[in-house]
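Thank you all for coming.

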Amino acid sequence: MTIMVNKLEYLKETASQTAGPYVHIGLAPKQAGFDIFENNFGNVLAGPKTKGERIRVEGRVIDGSGTPLRDVLIEIWQANAAGKYNHPADRQKKPIDKRFRGWGRGCSDFTTGIWAFDTIKPGAVMGRNDRPMAPHINFWIVARGINVGLSTRMYFSDEQAANARDPVLNLIEWEVRRKTLIATREERKGHVVYRFDINIQGPDETVFFDI
Amino acid sequence: MKLPSEQYGEFYQRDRTIHPPAHAPTYKTSVLRSPQKTLISLQNSLSEITGPVFGADELGPLDNDLIMNYAKTGLPVGERIVVYGYVLDENGRPVRNALVEVWQANAGGRYRHRNDTYIAPIDPNFGGCGRTLTDANGRYFYRTIKPGPYPWRNNVNDWRPAHIHYSISGSGWAQRLITQMYFEGDPLIASCPILRTIPSEAAVRQLIAPLDRNAGIQLDSLAYRFDIVLRGSRATWFENAVQPDDPMQGE
Ligand SMILES: [Fe+2]
């Protein structure tokens with residue numbers, strides 16, 4: 001006789017579906033053109049008392065024809081200036097900044113396709129096996145035509161030494177592709193801006209991760 | 001003592017066979033919006049295990065009531081429904097304090113969005129969005145108007161079945177999910193190009209909410225149940241040095 005083994009009882013993750021063209025209604029109603037919630041989630045992460053260097057991160061998400069997506073929605077997640085995530089699973093011996101959640105949500109402009117976040121530059125977070133990660137911001141990108149949200153990371157052009165040792169950047173076998181994750185630092189009228197264009201396809205396709 | 005779901009281990013590898021591929025030509029917009037190179041697989045670090053935490057004080061009292069949260073001169077037109085369900089992880093454990101955000105068309109299939117030009121009228125009393133947090137059992141609910149189907153430009157005669165868009169934030173960044181809920185019995189489900197991007201029939205079935213006659217409000221609203229499964233995480237039997245362990249914190 002054949003003896004069957006008991007089945008392992010895992011549930012299956014719910015399948016992803018595109019955010020569609022009207023994602024703004026649910027996640028950024030003001031952008032859709034109306035006012036409904038008293039408290040709106042937005043693209044300003046740093047308040048006046050948040051510790052750290054004020055930065056703006058801005059860019060576009062560009063499709064395979066070279067056209068910027070004008071209906072994209074992006075969320076970012078980052079550590080505070082000390083390199084600590086505001087979450088109970090982060091047990092590094094570093095201070096939480098009560099004035100900084102580290103999360104923001106932004107949309108591209110319907111005309112130009114430019115999105116932006118006002119935040120602070122994160123500190124370095126310890127990675128796996130006690131190898132520090134270079135400062136970085138985690139990105140999640142959804143839009144019409146994107147079936148599963150795209151995950152990537154943004155690193156900083158002025159952190160060359162830390163970037164060269166970063167365990168995640170070093171995991172990317174093709175050195176030429178690592179630069180797709182590095183935002184360029186600029187100064188505009190005394191404000192620090194990091195420019196980060198994300199290419200979904202093409203010769204300069206941004207590295208996306210299966211996290 | 002911590003419950004297993006609060007141990008914050010690495011998330012299980014995502015089973016990509018149940019998700020739509022990035023490049024799905026029957027859904028035409030995906031063609032130029034899909035990466036062509038392979039995704040680089042990352043073992044979870046703190047960046048993926050942690051994620052934003054939301055508080056009940058950030059939401060308003062009507063945020064989960066789409067019938068009332070934009071009512072200006074009267075009630076919105078359409079079938080009154082309650083939608084409820086549980087947010088669980090792959091281990092079957094409740095995901096508490098998950099942020100569930102929903103948006104949808106009105107009863108005529110029209111969205112309150114500056115880019116929607118469908119001929120069906122805007123309902124002056126319907127906004128079409130809501131949000132809520134799951135409770136200690138992972139349960140959520142909201143009430144709304146059943147959305148109508150609508151045509152869209154893909155092939156010239158494609159229609160979306162009635163659906164509600166969902167965005168779910170669990171405890172970890174790697175659990176972030178966006179999806180759509182459909183309604184039992186909708187004849188447009190079988191031919192929907194967006195649903196058909198999903199390669200697994202079981203995964204499609206999981207997106208269809210059954211009518212739950214017991215959960216409805218008598219003489220008022222029908223109810224649909226939609227359970228959501230987010231990625232589960234590994235129990236930490238043996239530390240794999242995801243991070244240096246600090247026994248003084250994190251209790
Ligand atoms: Fe839709």
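A:Asn129 sits in the loop between strand E6 (125-126) and strand E7 (132-133) of chain A, where strands are DSSP runs of at least two residues, numbered from the N terminus. This is a predicted model, in which local features need pLDDT of at least 70, side-chain atom pairs count only at pLDDT 80 or more, and totals for chains, interfaces and linings use all residues. Residues are numbered from 1 along each chain as its sequence is written, chains are lettered from A and ligands numbered from 1 in the order in which they are written, and side-chain values use heavy atoms, with hydrogens and water left out.

Although A:Asn129 is not a glycine, its phi is positive, at about 55°, and its relative accessibility of 51% makes it exposed (exposed means over 50% relative accessible area, buried under 20% and partly exposed in between, with a 1.4 Å probe and protein chains only). A:Asp130 lies in the loop between E6 and E7 too; it is not a glycine either, yet has a positive phi of about 60°, and at 48% it is partly exposed.

Let me turn to the metal. Which residues are the protein donors of the iron ion? They are B:Tyr111 (OH), B:Tyr150 (OH), B:His163 (NE2) and B:His165 (NE2), at 1.9 to 2.2 Å from the iron ion, where donors are N, O and S atoms within 2.8 Å of the metal (3.2 Å for Na, K and Ca), and sites may look incomplete, because water is not among the atoms. Along the sequence, the spacing of these donor residues is Y-x38-Y-x12-H-x1-H, and both B:His163 and B:His165 are buried.

Definitions and conventions. Helix = DSSP H or I, 4+ residues; strand = E, 2+ residues; numbered from the N terminus.
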